[in-house]
Amino acid sequence: MEVSPSVLLGLQAASSSAIADTVFLGLMTRAIQAVLTDEGELQSSPSLSEVEPTVTKEAFFALTTLVLEAARTDADSPAISAVLEECKFTPDRIQAFTTLYNSYKTQLRATLARVGPALSHVVDVKWRLDYYLKNNHVERVNRPVYLIDLKLQEDHTNAVQFACTQEQLQDLVSKLKDAGRSLEKFSQ
């Protein structure tokens, strides 16, 4: 798992003795809750007033970034521990972080799965053959055109629609067959 140098600096701030263990536990919990509830702000509390605000913010955003990166890459405890050891965390803090992260890991990954552009699945195909006799530019065209309508799983109101000639449709079908064969070879 790789994190940027600025995140490593923030994690080093979080590992410093300037942040007490109770404040650190609160920051960890808030970092995970920020990801799960879309609340990216760090609310002030009496325990946080003991620490310099810039250190608190830097540590909070570094911990939040580490949580996101770990969930995104499906990192396990040893991978997270390696990053935290590099930032000179104590074994107790490493254990506390990995335990808390592992208890929320499935929820974090589910939250990340809902973020971003999801690819829709094709669930139905409708097609129609039209025969164009002429158009606005040429007096006589006399060619068949296939109108394809792909219904998507996610949003039934929107569909992908396109028109193609017989050659273009044959090319599309052969490419889809190639993709299917490649997928079969890969899955074996």
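**View 1. Three aromatic pairs turn up in a search of the whole structure.** Rings of Phe, Tyr and Trp (its six-membered ring) pair if their centres lie within 6.5 Å; planes under 30 degrees apart are stacked, over 60 edge-to-face, the rest tilted. Phe 60 and Phe 61 form an edge-to-face pair, because their planes stand at 70°, with centres 5.1 Å apart. Phe 60 is buried at 1% relative accessibility, while Phe 61 is partly exposed at 42%. Buried means under 20% relative accessible area, exposed over 50%, partly exposed in between (1.4 Å probe, protein chains only).

This is a predicted model: local features need pLDDT of at least 70, side-chain atom pairs pLDDT 80 or more, and totals for chains, interfaces and linings use all residues. Residues are numbered from 1 along each chain as its sequence is written, and side-chain values use heavy atoms, without hydrogens and water.

**View 2. Trp 127 and Tyr 146 form a tilted pair.** Their centres are 6.1 Å apart, with 50° between the planes. Trp 127 lies in strand E1 and Tyr 146 in strand E2, 19 residues apart. Strands (E, at least two residues) and helices (H or I, at least four) are DSSP runs, numbered from the N terminus. Trp 127 is exposed at 59%; Tyr 146 is buried at 16%.

**View 3. Arg 93 belongs to helix H5, residues 91–113.** At 6% relative accessibility, Arg 93 is buried. Its charged end sits over the ring of Phe 24, 4.7 Å from the centre. That label needs CZ of Arg or NZ of Lys within 6 Å of the ring centre and within 35 degrees of the ring normal.
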